[in-house]
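The following exercises concern a single protein model. Each task is followed by a solution in steps.

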Amino acid sequence: MLLSALGTSIANVGLPTLALVFDAPFQQVQWVVIAYLLAITTLIVSVGRLGDMVGRRRLLLAGIALFTLASVLCGLAPTLGLLVAARALQGLGAAVMMALTMAFVAQTVPKDQTGSAMGLLGTMSAIGTALGPSLGGVLIAVVGWQALFFINLPLGLLAWFLAYHTLPADGPKADQVGFDYLGTLLLALTLAAYALAMTLGRGSFGLLNVALLVAAVLGAGLFVRVQKRAASPLVRLDMFRDASLRAGLAMGTLVSTVMMATLVVGPFYLARALGLDAAMVGLVLAAGPVAAALTGVPAGKLADRFGAPRMTAVG
């Protein structure tokens, strides 16, 4: 969980450096982040069912190996295009790591300890997000941008070793487990069309951007239609009848949007407008995630005492 969160945030602090190294505008270099997140978003919903088909332990080990290998490819990439492609592969590995880590909690941890285990995973995710900018800033200043990705090699090998020696063996495969291939493809194409609509054009919004945005809207509508008819849908639409779930998803989207916008655009402002060096940029960007990591457990205890609605309003 820490590694996948680290992979999300560590590259952000290097975006201004990557823009200079590859002589690329912001609209292109931000795909170093977008490609990683698109891969996670597309696959993370499907990974659980995929784990039932091939075995959770086997798939998680493969995901860690893919994440580690892709990290090395990122550091070796000679062009921005190859770096973006390697980041997409890294995101596929991260999706497996994130989803199956939570699945293994339900499988291996006693029910009376599940809350504590999930809270610990949340804390590790926040630590990874906080560690990324600060560690990344130091690595760029001391070693170079390649170190942003090479750092995952020893960490990935350690994670694979621990998973191999501690996770329980796969049980019998589930019978007739369905996989929504069409839904997964539609989700990937819809998200890619939206991301391209928002990033192409060097700051101008032309006909190509409009066409891609229309394609994204049509793709979203087609995705919903396919999910209603699928035997094993990627997303069960009847879940959205729960008002509390809808509110929680909306708040999660808002928080993630603000956080990622800050982490993607922030480095350029801090480096170019305020003139901070890479190490200081990393420290500034780490402030918010550090606060989130420190407040997670106390917030949970306050919610138990005063109720989740009150603490949500305060938040």
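**Exercise 1.** Which residues make the nonpolar surface patch of about 590 Å²?

*Solution.* The model is predicted, so local features need pLDDT of at least 70 and side-chain atom pairs count only at pLDDT 80 or more, while totals for chains, interfaces and linings use all residues. Residues are numbered from 1 along each chain as its sequence is written, and side-chain values use heavy atoms, with hydrogens and water left out.

Step 1. A patch takes residues with over 30% relative accessible area and no salt bridge; nonpolar side chains (Val, Leu, Ile, Met, Phe, Trp, Tyr) are joined within 5 Å, like charges within 9 Å. Accessible areas follow the Shrake-Rupley method with a 1.4 Å probe, and for residues only the protein chains shown count as cover. A salt bridge is a side-chain nitrogen of Lys or Arg within 4 Å of a carboxyl oxygen of Asp or Glu.

Step 2. The patch consists of Tyr194, Met198, Phe205, Val210, Val214 and Leu218.

Step 3. At least two residues each come from α10 (181-199) and α11 (207-229); the largest share, three residues, belongs to α11. Helices are DSSP runs (H or I, at least four residues), numbered from the N terminus.

Step 4. Val210 lies in α11 and counts as partly exposed because its relative accessibility is 38% (buried is under 20%, exposed over 50%, partly exposed in between; 1.4 Å probe, protein chains only).

**Exercise 2.** Is Thr184 buried or exposed? Describe its surroundings.

*Solution.* Step 1. Thr184 is placed in helix α10. Thr184 counts as buried because its relative accessibility is 12%.

Step 2. The Thr184 side chain reaches the backbone oxygen of Asp180 at 2.8 Å.

Step 3. Neighbours within four places in sequence aside, Thr184 is in contact (heavy atoms within 4.5 Å) with Thr42, Ser46, Phe179 and Leu234.

**Exercise 3.** How many residues has the largest nonpolar core?

*Solution.* Step 1. A nonpolar core is a set of buried Ala, Val, Leu, Ile, Met, Phe, Trp, Tyr and Cys residues joined through side-chain atoms within 4.5 Å. The largest has 55 residues, and those with the most contacts inside it are Leu15, Leu18, Val32, Leu80 and Leu83.

Step 2. Helix α6 (residues 80-108) gives the most to this core, twelve residues.

Step 3. Apart from this core lies another, of six residues, including Leu187 and Phe223.

**Exercise 4.** Where does Asp23 lie?

*Solution.* Asp23 is in the loop between α2 (15-21) and α3 (26-29). Asp23 counts as exposed because its relative accessibility is 72%.

Notes. A polar contact is a pair of N or O atoms within 3.5 Å; within protein, one must be able to donate a hydrogen and the other to accept it, and residues adjacent in sequence count only if both atoms are side-chain atoms.
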